[in-house]
Each structure stands twice: as structure tokens, then as C-alpha cells.
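I opened a new notebook page for this model.

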Amino acid sequence: AYADAALWLAALVTAGGLITFFTTREPGRIQSRRPGAIAELIAVPTNPVFRPLLLAFMTAYAGVAINSALALFYYEDRLAFEPEQTNIVLGTFLVVWTSSIPLWVILSRRFGKRRPAFYGLLLLGLMTTFTYPFFPERVLWPPLVAAVAGGIFVGSIILFDSIITDIVDYDEWKSGIQKEGLFFGYAKMGVKLSRAMALLLTGLLLEWIGQGEERNNVALGWLFGPGVGLFFLVGAGIFLLYPMSDRQSQAVQKRLKRRRNETERAA
């Protein structure tokens, strides 16, 4: 099924890129002289506003990667599920995760982005830590309920991407230079790096708890629970260091829009 999946994913990625390009085009803007590629590359990760968000982003996605890598082992070895039961739980999680995104968009418009992003990640960490180690074997409904709750909470991570746009606006307001490509490039590369390190860690942990019939399934449950939940909780704690409030972000956007209009009129 990998070849068929690759074709479908390629089509979705291509369509998504084209839709994004043609629906977000903006008129060109006059910019001040750029300080040089090296200076910009250094300035982005050392930005005091961006740095805590990047670290929280990377930590949360490390937890997502470990959860994904351990899921089959947990459900089939720790809970002794049949493949059909595992597919039901994982399918439910993916559907709820995707469907929850509009909910987090609505919450961010009602309460701002910062609070929903923090509480979503915090609740995800608490739910993961205090449920998965204690589920009984061969009973479907507890992990199914957890899949629904986890799918809702993990959808909050989408707000971290949205907060990056606020940082891009703040940086442009301060420096007069647009660096959205660099900010999102660092964020996505950071996520890929954290996921890679998390997968390496997962492999080492699986080796440590044993293979096949010799695997310590009790330890597997604790890895899938608190072991994963710890990353979400630490990510939520790091996110508390993010210094810019939603009100400040809105003020920056208004000032930046005013300056852009003045620049365009002057041109």
C-alpha cells in the first residue's frame, strides 16, 4: 500500500501548495536594505520572542513522534488488541484530530491564541500521563474515549503555527524586513529534528524494555503514558515563557498595517 499512499499524498501536497499560493498572494511591498543572509539566519533563532515558542513546538512534536512510534506496540502488546481494534482506535484519533481544527480556530478567535494553545497542550499531557498506563487489557472503550479526547487536545498544536505569524509581524514591525520564510523554515526544520531525535530515543527505549515475548508490557504502558505526556507538559511549561500577549500581537498588526498603507501611498 505504500506506493498507492505515496501517490495520494503527493497529490494532496501538490494541491495544498497550489491552493495556498493562489489564495494568499499579496502585493509587493517596499523593504529596507537587507542586512545579509548570514545576519538574518543568526537573528531568527536568537529572537527572544521566537525562541521559547520554537522550543515548545519542538518538545510537543517530540511527544507526538514517540506516541506514533509506540502506538502499535502499546495497543497490540500492552492491551492485547486485535488489528481491527487497533485500527478503530487509531482511525478515530485521526478523524477527531482533523475535525477538531475548526474548533481551535473558533476558540482562538474567542479567547486569543495563547490560552487555548497552552491549555490544549497541558490537558493533552495530563490525559496521556494519567490514563494509558492503567487501561485494562482487551477492553476497547477506555482507549477509544482517550482517542477522542486526545484527538481534540492535540489539535491545539495547530495554534503554534498561527502564533508564528504573529512573531513574523512583530519582527517585521521592529526590523522593517519580512522574514516569514526564515521563521517557518526554522520551525519546520526544528520539528523534523525533534521528531528524528524522538524516534531514535523510542528505538533505544524499546530495546531497553525487551523484544517480542520478553518485552516488559507494564513498562511499555508507562512509556506510552507518562513517557509521552512528559513532553507535552514540558512543552506547555516552556510555552509559558512566550512573552507576547494576544493584545500586543493585535496592536503590532494594526501598527504594521498602518505603516504598510503609508509606504504604499508614498510609493
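This is a predicted model: local features need pLDDT of at least 70, side-chain atom pairs count only at pLDDT 80 or more; totals for chains, interfaces and linings use all residues.

**Entry 1**

Residues are numbered from 1 along each chain as its sequence is written, and side-chain values use heavy atoms, with hydrogens and water left out.

**Entry 2: the fold.** I looked up the secondary structure next. Helices (H or I, at least four residues) and strands (E, at least two) are DSSP runs, numbered from the N terminus. The protein chain has 10 helices and 0 strands. Its pattern along the sequence reads α-α-α-α-α-α-α-α-α-α. The C-alpha trace spans about 70 × 40 × 40 Å along its principal axes. The chain has 267 residues, and 39% of them count as buried.

Then I turned to contacts, meaning heavy atoms within 4.5 Å. Among contacts between residues at least 6 apart in sequence, 85% join residues at least 24 apart.

**Entry 3: the rings.** How many aromatic pairs does the structure hold? I found 17. Rings of Phe, Tyr and Trp (its six-membered ring) pair if their centres lie within 6.5 Å; planes under 30 degrees apart count as stacked, over 60 as edge-to-face and the rest as tilted.

I went back to the two tyrosines. The ring centres of tyrosine 74 and tyrosine 132 are 5.7 Å apart and the planes stand at 90 degrees, so this pair is edge-to-face. Tyrosine 74 is in helix α3 and tyrosine 132 is in the loop between α5 and α6, so the pair ties together parts 58 residues apart in sequence.

Tyrosine 132 has a relative accessible area of 5%. Phenylalanine 135 is at 11%, and therefore counts as buried.

I also listed the cluster: Tyr74, Tyr75, Phe81, Tyr132, Phe135 and Phe224 form one aromatic cluster.

Arginine 110 lies over the face of phenylalanine 111, at 4.8 Å from the ring centre. The test is that NZ of Lys or CZ of Arg is within 6 Å of the ring centre and within 35 degrees of the ring normal.

**Entry 4: the largest pocket.** I wrote down the terms first. On a 1 Å grid over the protein atoms alone, a pocket is an open set of points where a 1.4 Å probe fits, with protein on both sides within 12 Å along at least five of seven lines; lining residues have an atom within 4 Å of a point. Grid points are joined across faces, edges and corners, and a volume is the space filled by probe spheres set on the points.

The largest pocket has a volume of about 570 Å³. It is lined by 25 residues, and the closest to its centre are Val64, Asn67, Ser68, Phe93 and Trp97. Which elements give two or more residues to the lining? They are α3 (50–78), α4 (83–111), α5 (114–131), α6 (141–154) and α8 (180–209). Helix α3 gives the largest share, 7 residues.

The lining divides into 17 nonpolar, 4 polar and 4 charged residues. Here Ala, Val, Leu, Ile, Met, Phe, Trp, Tyr, Cys and Pro count as nonpolar, Asp, Glu, Lys and Arg as charged, and the others, Gly among them, as polar.

**Entry 5: single residues.** Aspartate 169 sits in helix α7 (residues 158–175). Is aspartate 169 buried or exposed? At 17% relative accessibility it counts as buried. Leaving out residues up to four places away in sequence, aspartate 169 touches Val252, Gln253, Leu256 and Arg260.

Alanine 80, in the loop between α3 and α4, has a positive phi near 55 degrees without being a glycine. Alanine 80 is buried, at 19%. Arginine 138, in the loop between α5 and α6, has a positive phi of about 60 degrees and is not a glycine either. Arginine 138 is exposed, at 59%.

Key: Buried means under 20% relative accessible area, exposed over 50%, partly exposed in between (1.4 Å probe, protein chains only).
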